[in-house]
Amino acid sequence: MSSSIEHFEQLALSPALLETLQELGYEAPTPIQAATIPPMLEGHDVLGQAQTGTGKTAAFALPILEKLDWNDRQTQALVLTPTRELAIQVAEAFQSYARHLPGFHVLPIYGGQSMVLQLRHLRRGVHVVVGTPGRVMDHLRRETLSLAALRTVVLDEADEMLRMGFIDDVDWILEQTPAEKQVALFSATMPEPIRRVAHRHLRDPREVRIETRTATVATVRQRYCQVGVQHKLDALTRVLEVEDADAILIFVRTKVAATELAERLEARGYPSAALHGDMTQALREKTIDQLRNGGLDILVATDVAARGLDVQRISHVINYDIPYDPEAYIHRIGRTGRAGRAGDAILFVAPRELRMLRTIEKATRQPVERMPLPTQEAITGHRLAQFKQQVGEVLTSQDLEFFQQIVAEIEREQETSPQDIAAALAYLAQRDRPLQFEDTIPKDAERERERDRERASGRPDREGRSARSNDRPVRDYARDSGDFNKIRYRIEVGREHGATPQNIMGAIANEAGIEGRYIGRIEIHDDYSTVDLPDQMPPEIFQHLKRVRVRQQMLNISRLDGAEPERKRSARPRMERPAGDRERSVERKERKRPVRPATDS
Ligand code: AMP
């Protein structure tokens with residue numbers, strides 16, 4: 001994508017929005033933002049080929065916020081998303097971009113959430129509605145949502161809506177909107193049905209896509225580590241423990257993140273500095289010089305600040321936050337492997353970012369190897385090997401006479417053996433950084449679960465987030481993870497009603513909060529269908545699913561064995577993504593010198 005826009009100030013955004021972006025630490029528009037914001041501000045329709053992680057939410061949210069009529073409390077923008085999670089996420093993004101726009105109201109609406117609550121908000125008036133197609137249709141039919149004042153419609157992740165069988169609903173909703181409006185359609189891929197929707201509903205759209213020039217980065221070994229957002233810091237420290245590195249450049253997305261991560265690494269004993277666009281030129285140069293001459297080993301940088309950085313010592317680039325596009329990735333990893341040396345690039349990928357990883361692989365025409373997270377045992381083994389090596393070095397290089405006398409004195413005074421004394425000294429030597437590495441990741445996962453429980457109970461968590469209490473059963477059911485049994489259910493919608501596996505899957509996924517991959521075989525019969533779902537379905541969800549409609553037909557779900565689900569708290573189906581399925585594995589190669597934390601010396 002070629003664009004001459006490099007700063008947010010070049011976009012016609014109001015000071016309030018620019019201030020917010022500055023506070024959020026956004027340094028520059030991402031390529032999709034640079035290409036989408038100007039035409040959207042000018043009122044053009046947009047057809048954007050963009051996936052999660054490219055910054056597409058801000059690409060449409062900022063122009064929508066910019067153009068809102070503040071004297072009008074009617075719904076002026078509608079964003080359709082395939083899933084409730086995305087609806088919530090997009091609504092939260094709107095809220096954060098509108099932090100200096102008092103009086104702004106956005107409402108996520110999705111199945112499984114109380115209608116009463118939604119109606120109360122809708123009656124009060126909301127500027128932007130973000131919803132899943134099913135629930136938006138419900139409100140339109142009941143005339144509880146009016147689109148009379150609508151100016152902009154966004155179809156987010158249109159290919160996912162197609163995959164989940166919502167595309168006819170999207171079509172229907174678009175038909176209910178005023179003729180004069182702006183439409184922006186975003187999709188990671190552009191299959192024919194999406195192009196048809198675009199053709200029918202978009203007028204002379206500006207096409208926006210990230211062009212991926214292919215490039216080879218032959219001297220850099222590329223690996224990725226699949227890790228959830230909440231475990232990234234722990235994963236990073238593990239990687240720093242075992243990698244044989246000289247200097248390390250870590251990439252994050254925002255200025256705020258650069259400063260924070262450098263501080264958190266310092267706090268864990270890894271001297272680090274941040275490099276970002278808010279620093280003076282002099283300070284930036286000083287920091288880079290420190291990296292160059294070995295006074296500093298870890299630098300946490302934003303893309304803008306690291307542009308053109310040329311330090312031969314950089315042996316590792318760690319993509320802590322995934323880049324917005326392959327071009328940024330290629331630039332980032334090009335900071336290592338300088339002057340013909342070998343380099344290592346490690347990318348942290350959350351499960352939902354795997355698609356971006358595949359795009360990167362396509363652009364570089366190289367596979368990125370999967371790297372297992374270094375285990376507790378591996379780190380302990382590594383620390384032990386280092387310790388033994390240090391002891392060996394001291395034994396061969398130092399004059400130890402004075403210390404031998406001390407040991408002899410202790411032996412006499414304490415009536416103990418030299419071996420026990422050596423063990424005590426080894427204990428003292430490692431006290432600040434124990435040789436036995438403690439596994440923090442499961443503990444973090446437990447904390448996260450606790451936080452989820454708080455959120456589900458309606459109490460705000462430490463970050464002030466809260467979930468609506470009426471979401472609770474659905475969310476709990478969807479969150480637990482692990483093995484589960486599937487059983488067969490019957491639903492009262494079939495071929496003669498026009499049901500397809502896609503629209504059944506879409507409705508169940510959204511209304512019960514069950515990820516598509518936990519929905520098993522769907523068989524369509526003439527006037528009913530069967531679907532395999534995890535057993536132990538909470539009764540609240542079961543009752544809710546009875547009333548869900550597909551093709552105007554109430555599902556009236558029942559178990560084929562005739563039983564009604566009972567409330568049981570144990571042996572729930574587990575719904576989280578099993579880590580690492582289908583992924584290639586890679587043998588970790590031999591390691592040499594790790595970057596040592598400060599407490600090591
Ligand atoms: P999205 O692709 O919309 O899901 O955005 C992915 C992530 O990028 C979100 O966490 C955003 O907060 C972040 N983000 C979006 N635009 C920018 C930007 N210009 N600079 C830094 N971070 C951004």
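Student: What follows α6, and what is phi like there?
Tutor: In this predicted model, helix α6 is followed by glutamate 143, whose phi is positive, near 60°. Most residues other than glycine have a negative phi.

Student: And which residues of α6 itself are buried?
Tutor: Helix α6 spans residues 133-141, and its buried residues are Pro133, Arg135, Val136, Met137, His139 and Leu140.

Student: Back to phi for a moment: what about glutamate 157, and where does it lie?
Tutor: Glutamate 157 has a phi near 55°, again a positive value in a residue other than glycine, and it sits in the loop that runs between β5 (152-155) and α7.

Student: Is glutamate 157 buried or exposed?
Tutor: Glutamate 157 counts as buried, because its relative accessibility is 16% and the cut-off for buried is under 20%.

Student: What about glutamate 415?
Tutor: Glutamate 415 is not a glycine either, yet its phi is positive, about 50°. Glutamate 415 is placed in the loop between α16 (401-414) and α17 (418-430), and with 73% relative accessibility it counts as exposed.

Student: Changing topic to the ligand, how many residues surround it, and which are the closest?
Tutor: The ligand is surrounded by 14 residues, of which the closest are Tyr26, Gln33, Thr57, Arg253 and Tyr324. By type, that shell divides into four nonpolar, eight polar and two charged residues.

Student: Which domains does the shell draw on?
Tutor: Domain 1 (2-209) and domain 2 (220-373) each supply at least three residues of the shell around the ligand.

Student: Which polar atoms lie at what distance from the ligand's oxygen atoms?
Tutor: On the backbone side, an N or O atom of glycine 53 lies 2.7 Å from an oxygen atom of the ligand, and a polar backbone atom of glycine 55 is 2.7 Å from a ligand oxygen. From a side chain, an N or O atom of threonine 57 is 2.6 Å from an oxygen atom of the ligand.

Student: How much of the ligand's accessible area does the protein cover?
Tutor: On its own the ligand has 490 Å² of accessible area, and the protein covers 80% of that.

Student: What about threonine 54, where does it lie?
Tutor: Threonine 54 lies in the loop between β1 (46-49) and α3 (56-67), and at 1% relative accessibility it counts as buried. A polar atom of the threonine 54 side chain is 2.6 Å from the backbone oxygen of glutamine 51.

Student: Now salt bridges: how many are there by this rule?
Tutor: The count comes to 29 salt bridges. One of them joins arginine 163 to glutamate 160, with the closest N and O atoms 3.1 Å apart.

Student: Where do arginine 163 and glutamate 160 lie?
Tutor: Both arginine 163 and glutamate 160 are in helix α7 (residues 158-163), three residues apart, which is about one turn of the helix. An α-helix has 3.6 residues a turn, so residues three or four places apart point the same way. As for cover, arginine 163 is partly exposed with a relative accessible area of 45%, whereas glutamate 160 is buried at 18%.

Student: And what does arginine 358 pair with?
Tutor: Arginine 358 forms a salt bridge with glutamate 361, where the closest N and O atoms are 3.0 Å apart. Arginine 358 and glutamate 361 are three residues apart in helix α14 (residues 354-364), and so are separated by about one helical turn. Arginine 358 counts as partly exposed at 31% relative accessibility, while glutamate 361 is buried, with a relative accessible area of 13%.

Student: Which parts does the pair of arginine 488 and glutamate 523 tie together?
Tutor: The side chains of arginine 488 and glutamate 523 meet in a salt bridge at 3.9 Å, N to O. Arginine 488 lies in strand β15 (residues 486-491) and glutamate 523 in strand β16 (residues 522-524), so the pair ties together parts that are 35 residues apart in sequence. Arginine 488 is partly exposed at 33% relative accessibility, and glutamate 523 also counts as partly exposed, at 23%.

Student: Which residues are linked with them in a network?
Tutor: A network of salt bridges links Arg488, Arg521, Glu523 and Asp532.

Conventions
Residues are numbered from 1 along each chain as its sequence is written. This is a predicted model: local features need pLDDT of at least 70, side-chain atom pairs count only at pLDDT 80 or more; totals for chains, interfaces and linings use all residues. Side-chain values use heavy atoms; hydrogens and water are left out. A residue is near a molecule or strand if one of its heavy atoms lies within 4 Å of it. A polar contact is a pair of N or O atoms within 3.5 Å; within protein, one must be able to donate a hydrogen and the other to accept it, and residues adjacent in sequence count only if both atoms are side-chain atoms. Accessible areas come from the Shrake-Rupley method with a 1.4 Å probe; for residues, only the protein chains shown count as cover. Ala, Val, Leu, Ile, Met, Phe, Trp, Tyr, Cys and Pro count as nonpolar, Asp, Glu, Lys and Arg as charged, and the others, Gly among them, as polar. Domain bounds come from an automatic or database domain assignment. A salt bridge is a side-chain nitrogen of Lys or Arg within 4 Å of a carboxyl oxygen of Asp or Glu. Helices (H or I, at least four residues) and strands (E, at least two) are DSSP runs, numbered from the N terminus. Buried means under 20% relative accessible area, exposed over 50%, partly exposed in between (1.4 Å probe, protein chains only).
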